[in-house]
Amino acid sequence: MDANVGKLYGRDAELRDAPTTEELKATVGSTAEHVGLTIDIVKEISDFKNEPDWMREHRLKSFKIFESKPVPTWGPDLSHLDFNQIVGFVRPKGKEYKANTWDEVPTEIKDTFEKLGIPEAERKFLAGVGAQYDSEVLYKSLRKNISELGVIYTDMDSAVREYPELVQKYFMNRCVPATDNKFAALHGAFWSGGSFLYVPKDVVVPMPLQIYFMMNYPGFGQFEHTLIVAEEGAQVQYIEGCSAPHYTKDSMHAAVVEIFAHKGSRVRYTSIQNWSKNVYNLNTKRALVYDNAVMEWVGGTLGSGVTMLYPCSMLLGKGARAEHLSIALAGEGQVKDTGAKVFHMAPDTSSKIVSKSICKKGGTVRYRGMLMVGAGCTGVKSNVRCDSIISDSDSKAETIPVMDIRSKDAVIGHEASVGRISEEQLFYLMSRGIDAEEALALVVRGFIEPIVKELPLEYAVEMNRLIEMEMEGSVG
Amino acid sequence: MSLLEINGLKVFADEKEIVKGLSLTVKPGEVHVIMGQNGSGKSTLLNALAGHPKYRAEGDVKFEGKDLLAIKPHERARAGMFLAFQHPNEVSGVSLSNFLRRAYVARFNKEISVAEFEKIMREKMQLLGMEKSFAERGVNEGFSGGEKKRSEILQLAVLEPKLAMLDELDSGLDVDALGKIAETIALIRKPETSIIIVTHYARILKNLKADHVHVMRDGKIIASGDERLAHKLEETGYSWINSSV
């Protein structure tokens, strides 16, 4: 196994060579770093970014909402989340870190990437990739032909300056307003970085666009905002891979993803999350899907301590369709409270949800689903399938599917299974010469295969490697 | 030298003794058939030899002169032992070819490219009259009873074990299908490959010649002989042996 991969995925055994916080600071440095989440920091962010008034007001309003809302208690235990220990904003030393080609990326940054072991997928697809380094978009390169097609793909901060009307039209109003939940409000106040992707009418983006997010400071909360707009008939795939080395202080991630899939468009959003286990991963991801548009969510949540993530599709136009495919893995000390929400708000809409969860060594996976069919929405079809496998008796898998069906002719399918990886199955593989660990990894890989096969090849390879590493030492 | 030498083997499931002091010697190239009624312990014997974690085995078992009970199931397979299961498990999402390539690498302790391996596998599949697409299906996933047996035999052919143990090969197969499988085994078998077959019925002997036939009852071998023993058993039924011992 590639040693770099181990570092990237933050396995303790491999961490001796990973860069220390001090090393990282020495390479990148920062001019602004404040612990705690206060209104002064909100103002400072806005000043630093030299934002238009509407955005500044949005931040201040969001902060009030954040303060007024209690921490949700219906899900996993968040009582150890200390907002006073979170760093709201960090920016790199130099202001001009944006680059359009790999050559222009400073050597010390490349070295850091090297040390962190950014996988091949990143390097191969450089032309279509941007990577977020701390709060600022550090590197971004667009293939020329994409911009020639009229596609806008830039970091969110630049988008606010350069495309104010477009951003204001879509930013945190109809899709994910700050009032949605406490963490969306927090995000609305402190958001920084992220991507803006706009695909004009009938444009098909020929390759998946990829971005990596990383969190490299202790106690550094990352609040990046992703806004994707696919105009009528447009098609685009967007891929996000996340990683962070292991730190001892709690970190939080409260991203917001907003997607608009207009009439007849097709959007696929893929994310692989693999943060170190001290990260609270509390995201809000939602898509508004209009007539005959297709929205596909493909996700893997492997790292972090507590994850709450329920990508949501609002099927607002006739014939709209959503697919949610996800893998969640929980090991020691991890809670994965994940699922999907689909609201069928128009006739002839359809959805498919496939969730695969793996828990081991005392980890908890919980599928939490919401399926709603509005009154008068005829011809709705939905199929939900959630499977879990458990590798030992200390681990826990639960399913909480909520259905609110107000239309009589809706065709709804729901299947759930919880399986234990059986001794018999492992013995069968071992009787062919395969050792216990490989046997377990093989069973798990087979289990998630229906989802992994939807990933681009590089990611599929990475995902499989990752699962193999995760399952190491799981055999008693 | 003997390939397999069992002396006073006892096998327990939980604390229940199922195989109660069994001895058996298998030389290279020999075919042994173990017959017996349900519950006689014959399948338990094979599973325990392969290292099934459900069983605890005691006694002296040597495979090529080495202590078999001291090593793990995958090490037994790598040493050249193979169990064709009566009810092989499903491994959903893992293709038979991927699974078998990993097994091949483990068995022969050498890396092999996907292309090279597929060549080897295809040859065996052709020999067995199998469709190419068969290997791309998930291991035993949605396989019929017959397909499961054929998959086991394909694995046997590719892994070329020194000792092939066939557990209830004839269960769920009609006479024609069984005949075909037995023929195939005869075809892929090398002269030095030893075979232990566990079965209810002697009919497999029509296509596969046995050197020794044993009858098991209550965890012990109670009679041994040549093929004539099997035929006698087939004609007169187990009541004959029950009354005569």
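**View 1. Strands β4 and β5 of chain B, side by side.** Strand β4 (residues 55-63) of chain B pairs with β5(B) in the antiparallel sense, over two bridges. Strands here are DSSP E runs of at least two residues and helices are H or I runs of at least four, numbered from the N terminus; two strands pair if DSSP finds at least two bridges between them. B:Lys66 in β5(B) is the bridge partner of B:Phe63. This is a predicted model, where local features need pLDDT of at least 70 and side-chain atom pairs count only at pLDDT 80 or more, while totals for chains, interfaces and linings use all residues. Residues are numbered from 1 along each chain as its sequence is written, and chains are lettered from A in the order in which they are written.

**View 2. The open sheet of chain B.** Four strands line up as β2-β1-β4-β5 (chain B), with antiparallel pairing. β2 (16-26) and β5 (66-67) of chain B each have a single partner strand, so one side of each is left without a neighbour in the sheet.

**View 3. Where chain B meets chain A.** Chain A puts 20 residues into the contact and chain B puts in 23 (C-beta atoms, placed from the backbone, within 7 Å). On the chain B side, α2 (73-79), β7 (91-95), α3 (96-108) and α5 (145-159) give two or more residues each.

**View 4. Helix α11 of chain A, tucked in.** Six of the eight residues of α11 (residues 423-430) of chain A are buried, so this helix is largely enclosed by the rest of the structure. Buried means 20 or more other C-beta atoms within 10 Å of the residue's own, again placed from the backbone. Those buried residues pack against α12 (436-452) of chain A, together with α2 and β7 of chain B.

Notes:
Two residues are in contact if their C-beta atoms, placed from the backbone, lie within 7 Å. A residue is buried if 20 or more other C-beta atoms lie within 10 Å of its own, exposed if 12 or fewer, and partly exposed in between; C-beta atoms are placed from the backbone.
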